[in-house]
Amino acid sequence: MTSDVHETELLLSTVRAFMAAEIYPHEDMVDRTGSVPPELGLQIETRAKQAGLYSANMPERVGGGGLSMKAMSLIEREYGKSTHALHSWIGRPTELLLACKGDQIEKYLMPAVRGEKRELFALTEPEAGSDAMGMKSNAHRDGADWILNGSKHFISGPRMPDFAIVFAVTGVDETKRGPRKRITAFLVDVGTPGFDVREGNKSVSYRGYKTFQLAFNDVRLGPDQILGEEGKGFELAGEWLGMGRVWVGTCCCGKAERIIGLATDWAANRKQFGQPIGQFQGTGFKLADMAIGLRTADLLVADAVVRAEEGRLTDADVSMVKVYCSEMLNRVADDAVQIFGGMGLMEELPIQRLWRDSRLERIWDGTSEIQRHIITRSILRPLGA
Ligand SMILES: Cc1cc2nc3c(=O)[nH]c(=O)nc-3n(C[C@H](O)[C@H](O)[C@H](O)COP(=O)(O)OP(=O)(O)OC[C@H]3O[C@@H](n4cnc5c(N)ncnc54)[C@H](O)[C@@H]3O)c2cc1C
């Protein structure tokens with residue numbers, strides 16, 4: 001066995017043991033009650049640190065685990081088998097924080113890596129979801145300071161955050177394609193006067209994973225609260241967030257594998273007309289299609305990871321992963337409910353929960369439709385269309 005293969009197996013066995021001990025036993029309770037008791041969340045955080053899983057995505061130079069993209073994709077695939085409500089407590093701070101400079105490093109980046117502070121990524125607004133450029137949140141200069149106004153919703157995380165990375169309009173640039181809003185990312189501490197954070201809508205996907213509403217009313221921010229450069233918020237987000245969509249894809253593969261396992265067991269053991277229902281083509285072919293879909297999705301993720309490691313991952317590559325893996329998962333989840341028949345919808349079995357959880361994957365981090373726009377653009381733009 002090469003040391004690479006050995007390390008991968010060690011990593012996978014660590015993550016699987018962690019999921020079995022710290023995550024899976026709590027899934028039903030969290031889904032039923034719609035919340036994660038704070039002491040349970042803290043226990044997951046603490047044990048994730050002990051297991052070396054906390055901040056595994058961040059580079060070693062800032063105290064993270066320094067795992068390769070390939071290793072991260074394997075870990076995220078295991079996390080994807082369960083619910084965000086629980087595995088998000090195993091912190092993976094947004095890599096956007098690596099853009100911190102000067103005092104920001106000790107104030108935001110390092111505490112996030114150590115698990116002392118939690119951040120939110122705040123882009124979406126009630127009137128600006130898919131159309132992120134339609135955002136109304138804005139900041140104007142007041143001397144050296146900035147004054148932030150606006151609101152955000154659907155901003156998600158496991159618990160009340162300590163600070164948020166907030167995207168806001170700070171001006172308009174004239175470009176060849178017409179006027180374009182300047183978007184800037186700000187680091188905004190919870191507790192700053194004028195900044196209100198409260199729990200928002202409750203999602204039936206990943207029950208217990210919280211969404212927050214953020215309101216900014218003349219929030220005064222110092223010049224050192226800009227993350228990256230003024231007017232370069234989208235470029236910054238684009239630089240780091242592509243991999244976020246690949247992780248969505250790999251999570252979908254993990255969840256699909258779990259669902260396929262449950263559906264296969266049911267098809268092999270449930271008998272009707274005197275035989276296992278899996279022997280009816282209508283059921284057996286569903287299992288075959290699930291296996292084809294999952295294999296293809298896994299290959300797509302593996303290809304994206306290689307492209308990323310070689311520095312040639314494009315936006316269209318990322319969108320293909322996001323669309324294919326999330327839609328594959330939804331086909332798998334829906335077919336699994338069909339294979340389970342009425343029992344598929346009963347609260348006593350996990351299939352209905354996995355089916356509900358799967359649905360979000362086609363929506364967040366950019367809907368399937370928006371991903372298809374990105375792919376279409378990459379096909380037509382070179383032709384000037
Ligand atoms: C549980 C949850 C957690 C989330 N967490 C975060 C977070 O942490 N941070 C954050 O910033 N955001 C977060 N989001 C927001 C998420 O990214 C948005 O919900 C998503 O981008 C879609 O925006 P929308 O819901 O406003 O839908 P809309 O933009 O209103 O879209 C509605 C429908 O119209 C379609 N549509 C819109 N425009 C087009 C078009 N041009 N062509 C074709 N179809 C189109 C969409 O594809 C969709 O089907 C979260 C959302 C949820 C539900």
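## Exercises on a predicted model

The buried residues of helix α11 pack against α7 (233-269) and α9 (315-340). Here buried means under 20% relative accessible area, exposed over 50%, and partly exposed in between (1.4 Å probe, protein chains only). Helices (H or I, at least four residues) and strands (E, at least two) are DSSP runs, numbered from the N terminus.

This is a predicted model, in which local features need pLDDT of at least 70 and side-chain atom pairs count only at pLDDT 80 or more, while totals for chains, interfaces and linings use all residues. Residues are numbered from 1 along each chain as its sequence is written, and side-chain values use heavy atoms, with hydrogens and water left out.

**Exercise 1. Describe helix α11 and sort its residues by exposure.**

Step 1. Helix α11 covers residues 368-380, which is 13 residues. From first C-alpha to last it reaches 18 Å, close to the 18 Å expected at 1.5 Å a residue; the expected span is 1.5 Å times one less than the number of residues.

Step 2. Ser368, Gln371, Ile374 and Ile375 are the buried residues of α11. Viewed down the axis of α11, they fall within an arc of 120°, so they line one face of the helix. The arc is that of the directions from the helix axis to the C-beta atoms.

Step 3. Glu369 and His373 are exposed, on the other side of α11.

**Exercise 2. Trace the strand pairing from β2 through β3 and β7 to β6.**

Step 1. Two strands pair if DSSP finds at least two bridges between them. Strands β2 and β3 pair in the antiparallel sense over five bridges, and Arg141 stands opposite Trp146 in β3. Their hairpin has two residues between the strands, and Gly143 takes a positive phi near 65° there.

Step 2. Strand β3 (residues 145-157) runs antiparallel to β7 (residues 210-221), joined by nine bridges. Gly150 has Phe216 of β7 as its bridge partner, and Ser156 stands opposite Thr211 in β7.

Step 3. Strand β7 also pairs with β6 (residues 195-199), antiparallel and over five bridges. Val197 stands opposite Leu214 in β7.

**Exercise 3. How many disulfides does a search of the whole structure find?**

Step 1. The search finds zero disulfides, a disulfide being a pair of cysteine sulfur atoms within 2.5 Å.

Step 2. For Cys251, the nearest cysteine sulfur is that of Cys252, 7.0 Å away. Cys251 is buried, with a relative accessible area of 7%.

Step 3. For Cys325, the closest cysteine sulfur is in Cys253 at 4.2 Å, which is too far for a bond. Cys325 counts as buried at 0% relative accessibility.

Notes:
Contact means heavy atoms within 4.5 Å.
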